[in-house]
Structure formats: C-alpha cells, structure tokens
Amino acid sequence: MYNLDPTAARKADQTGSRIADIGKYVGTFTQAEDITAGTGTKGVALRFECNGQSANLSLYTTKSDGTQIMGFQSLMAIMTCMSLRGITPKPGTVKFWDNDAKAEVERQAQIFPDLCGKPIGLLLETEDYPKNDGGTGTRMVIAGIFQAKTDLTASEILDKKTVPEQLPKMVTRLHHRPVRAAKAPAGRAAAPAGGSGFDDMDDDIPF
C-alpha cells in the first residue's frame with residue numbers, strides 16, 4: 001500500500017532536469033573530475049545536484065606554468081566549506097553525454113572522491129558563451145560558495161565567525177552575464193566575497 005506523498009510527486013517533474021535559474025542552491029557534487037584543457041590549464045569538472053536537478057560546472061585552477069587563476073580560489077573555498085585540508089585524485093569513472101550514442105556513458109578518469117556526497121552551498125549565475133557553430137549558448141557558473149549547514153562563507157569560517165553576514169549581500173549581486181561581458185565578470189566572481197581568506201592557511205584553520 002502507498003499513501004500519496006505530494007512532495008515526492010512534485011520532485012518527479014524535476015528528475016533529470018537541468019538547473020537553469022540564477023540563485024542559491026544547497027546540494028552535493030556527484031562527480032569531481034581532474035581535468036586538463038588543451039592549453040595545459042588544469043581544473044576540476046563538477047556535477048552538482050540539488051533536488052533532482054543538476055548542473056555541470058567547471059573550475060579552472062592553474063595555468064600550464066603553474067600560475068593560479070580565479071578558479072583556484074573557488075576550489076579552496078569549497079574545500080574550506082567541506083572542512084577538507086587536501087584532496088588527491090584517484091582512478092575512477094565519470095558519466096558524460098556521448099553525442100554519437102545519444103546517451104550518457106561512463107569512462108575512466110582521475111576523480112576527487114572527497115568532494116563528492118558532502119553538502120555544499122553554491123550561488124549560481126547564468127553566463128552566455130559563443131558556441132563553435134557560431135551560435136550562443138548559456139551555462140551555469142559558480143558565483144559564490146557557502147557552508148550548507150551554516151550559510152557561512154569560506155572567509156567567515158577561517159575567521160571563526162558564527163553568524164553569516166556575507167551571503168545575503170552576495171545573493172543580491174547575482175546576475176546574468178552576457179556573452180560580451182562574460183570573461184571579466186567570470187574571473188571577478190570566482191573569488192569568495194569578503195576577501196579570499198587564504199593568505200595564511202596554517203595553524204589558524206579551524207578544522
């Protein structure tokens with residue numbers, strides 16, 4: 001016997017759908033792949049899921065010469081909000097969409113299992129980008145990171161604050177990034193609000 005669960009019924013409409021709206025989300029990463037672009041720039045490809053919806057997100061962290069770029073700060077913020085002092089890639093599998101097969105398939109990859117399955121809060125924005133066919137696509141990008149259970153940002157955690165102050169301000173700044181202005185805002189927004197908080201990550205780390 002089953003009794004009607006309206007909440008579960010509503011979630012059925014969302015299953016498999018993509019996150020497409022700007023806003024505040026709490027969910028988990030179900031994939032975290034160690035990636036390297038054709039230019040040699042390293043990063044992490046993430047699949048984020050929240051209430052049956054998902055978004056594929058990328059953070060590029062270091063150039064081929066070792067120079068850190070803004071995505072590195074976002075990754076450090078994620079690790080701070082998850083109380084992780086380090087992550088190491090391990091062999092595993094990831095799912096991806098195969099255009100030829102018209103289906104999602106698995107392949108071998110280097111993954112960061114420590115990033116997966118833990119609650120994390122993200123502020124997501126939409127960003128236009130030029131497609132290879134000359135058209136314009138829209139994707140979700142990370143504009144802010146916070147601890148799921150407290151709403152504290154990385155800098156607030158590192159400063160041992162207990163009351164979240166930055167997140168409400170960050171939410172009011174969320175916006176859509178047109179293709180013409182996509183590059184500059186993307187770099188600016190990747191840095192956690194209220195300062196990076198990563199200048200002295202030694203004995204003062206509160207976890």
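Trainee: How many disulfides does the count come to by the rule?

Mentor: A disulfide is a pair of cysteine sulfur atoms within 2.5 Å. By this rule, the count here comes to zero. Please note that this is a predicted model, in which local features need pLDDT of at least 70 and side-chain atom pairs count only at pLDDT 80 or more, while totals for chains, interfaces and linings use all residues. Residues are numbered from 1 along each chain as its sequence is written, and side-chain values use heavy atoms, with hydrogens and water left out.

Trainee: What does pLDDT average over the chain?

Mentor: pLDDT is the predictor's confidence in each residue, from 0 to 100. The chain averages 86, and 82% of the residues score at least 70. Over residues 181–202, however, pLDDT stays under 50. Where pLDDT is low, the predicted coordinates should not be read in detail.

Trainee: Is Cys81 buried or exposed?

Mentor: Buried means under 20% relative accessible area, exposed over 50%, and partly exposed in between (1.4 Å probe, protein chains only). Cys81 is buried, at 5% relative accessibility. Cys50 is likewise buried, at 8%.

Trainee: How many residues of H2 are buried?

Mentor: Helices (H or I, at least four residues) and strands (E, at least two) are DSSP runs, numbered from the N terminus. Helix H2 covers residues 70–81, and nine of its twelve residues are buried, including Gly71, Leu75 and Cys81.

Trainee: Which residue follows H2 and has a positive phi?

Mentor: That residue is Ser83, with phi near 60 degrees.

Definitions and conventions
Contact = heavy atoms within 4.5 Å. Expected span 1.5 Å × (residues − 1).
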